[in-house]
Number of protein chains: 2
Amino acid sequence: MSSLDLATIRAAHERIRPFIKRTPVLTSEALDTACGAKLSFKCENLQAAGAFKSRGACNAVFSLTDAEAANGVVTHSSGNHAAALARAAQLRGITAHIVMPAGAPQSKVQNVGSFGGWITFCEPNLTAREAACAQVAARTGATIVHPFDDLRVAAGQGTAVIELLEDAPDLDFILCPVGGGGLLCGTAVAAKALQPGIRVIGVEPALADDVAQSFKAGRRISIPTPATIADGLRTNCTGEKNFPIIQQYVDDIVTVSEEAIVNAMRELWEKLHLVIEPSAAVPYAALLEKKFDFAGKQVGLILTGGNVDLASVPWLKP
Amino acid sequence: MSSLDLATIRAAHERIRPFIKRTPVLTSEALDTACGAKLSFKCENLQAAGAFKSRGACNAVFSLTDAEAANGVVTHSSGNHAAALARAAQLRGITAHIVMPAGAPQSKVQNVGSFGGWITFCEPNLTAREAACAQVAARTGATIVHPFDDLRVAAGQGTAVIELLEDAPDLDFILCPVGGGGLLCGTAVAAKALQPGIRVIGVEPALADDVAQSFKAGRRISIPTPATIADGLRTNCTGEKNFPIIQQYVDDIVTVSEEAIVNAMRELWEKLHLVIEPSAAVPYAALLEKKFDFAGKQVGLILTGGNVDLASVPWLKP
């Protein structure tokens, strides 16, 4: 696939429909009153395997020809993409090789294992991960499914916003977390095609502002691995394929503080009654920090995932 | 209203539809695998005001004649019913008087206040609460809306299971928490009318087993105020109106340990990605404690509410 458009995203939606959930869009009287806006939350924390990543992973896996699929898939990730890819491969009956850094949390290892993923451990740095991934691919013939810089993945992620706009058709804004940019790409392309007047905003932790910097500079800027609490957004640099799409379709990238992320997370647990992970709280943090004049506007927020370790909650000590 | 039947519950459903949410029914591959059953969770933690109580409160308030409504409503409760009644009254534009024990948690007081409820404080015991409630009613002419022993309330609560059975039509079991029995009554009457073969099970904390005792003895038994973590189920005795309905329609009442309630709560937060309150975890605790042979069965569970104080989580110390 060399480009990303609404037709591609719609095709992805048809392809993955049997394997993902139609997640609910929730609203809250209390949060609307608090923000002075009308908020619609797309609950991908309630997606299969607990994150929107199931969409992109299923699209990539079910896009393969039978011959390609026979050799399996491989990725490097310790997070939601790893579990989602293992699940998608299991559904297709093929092998998923997952390269994970030695010392990854036991819960993440178990999560991948629960979907039958084959884990290869490597040194905990990007170079070692990419090298290990390439080695597995060379040895097994498995297709590499990059966590974000893969337009099949981005097309899958873009399916969430099609559902969001079906359930909440009059949005003025869409707020979307940005890590590597796969979700943001798919979201922006689909949303702008469906509703040209909509404003698509990427929201990034200030501690992981590579995409904000890149967007401003007009070229991809790489940063050291960020220390943000939003563990799903600790990417060094947005994808090569994603960046031109972000430049073309996204209206703005804003950044939020760590404090706002934790406050947003707690407020959504309390008022929406949803367990969301820190990365998923980032769009609501942009509302708390009033990054735009949202007064009276209809705002869609993508709650990207719900995989947290409940043995430690940011505002409580274990 | 002197009886409770499916027609009454359907009429309640039509009456309250504009004022409540159609909550989602969620499933989880991980939990199904863990339990060896097919589970369907009716997510009333995602209901307006965070609990199924909005259904019964709206039915009671919108059942009043204009003349009755003009004098407002009154109840004694410090929990979800109080907030739900205040919200329902606000929607109808009438006054809700809420009798609460002095020393009730600030969060609950604020919750009622946020819906414009008028709070009267009293001594923290049942006699004082009932006396204060009767006094307010006598002084203002407000209609008393009992938290559970009121068939308009029970009819409203029964609407949740109509939706559950629309979304999950082949259930073998329905597991429902029991406090005063309003939800259980409405659930049992509606479920048995819609699907006579279904088994409706009430689940109660072992520390608050008044309904289990009463069901066994064939007469209403009162117990001292129970100390269970499931704060929504700390009732002394099931309702006078509810008990004969429970006897007629409910298949069994089982009890669960405090440990199972906390484990169930944590597992549902982690795997379903939902914030539920301890009372809502009670049905899943019955699965964890294998109170029936659920193997291969389709089981519906009502997740009754999501109002918790996040400053303390049962498995973490603040």
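**View 1. Contact between chain A and chain B, built from 18 residues of chain A and 18 residues of chain B.** The model shown is predicted. On the side of chain A that touches chain B, helix α13 (residues 258–272) of chain A supplies the largest share, three residues. This side of chain A comprises eleven nonpolar, four polar and three charged residues.

**View 2. Open sheet of four strands in chain A, with the order β5-β4-β3-β6.** The pairing in this sheet of chain A is parallel. Its edges are formed by β5 (118–122) and β6 (143–144) of chain A, each of which pairs on one side only. Strands of a sheet pair through backbone hydrogen bonds, either parallel or antiparallel. Strand β4 (residues 96–101) of chain A runs parallel to β5(A) and is joined to β5(A) by five bridges. Within this pairing, A:His97 has A:Trp118 of β5(A) as its bridge partner.

**View 3. Helix α7 (residues 126–140) of chain A across the sheet strands.** The strands over which α7 of chain A lies are β3 (73–76), β4, β5 and β6 of chain A. Relative to β3(A), helix α7 of chain A runs at about 170°.

**View 4. Packing of helix α9 (residues 159–167) of chain B with helix α10 (residues 182–194) of chain B.** The two helices pack at an angle of about 35°, and their axes are 8 Å apart. The crossing of α9(B) past α10(B) is right-handed. From α9(B), residues B:Val161, B:Ile162 and B:Leu165 meet B:Thr187, B:Ala190, B:Ala191 and B:Leu194 of α10(B). The contact of α9(B) with α10(B) contains six nonpolar residues, one polar residue and no charged residues.

Terms used: Residues numbered from 1 in each chain as written. Chains lettered and ligands numbered in written order. Predicted model: local features only at pLDDT ≥ 70, side-chain atom pairs only at ≥ 80, totals over all residues. Contact = placed C-beta atoms within 7 Å. Nonpolar A, V, L, I, M, F, W, Y, C, P; charged D, E, K, R; others polar. Pairing = 2+ DSSP bridges. Axes fitted to C-alpha atoms, helices over the stretch in contact; angles between N-to-C directions. Left-handed = near helix turned anticlockwise from the far one by under 90°.
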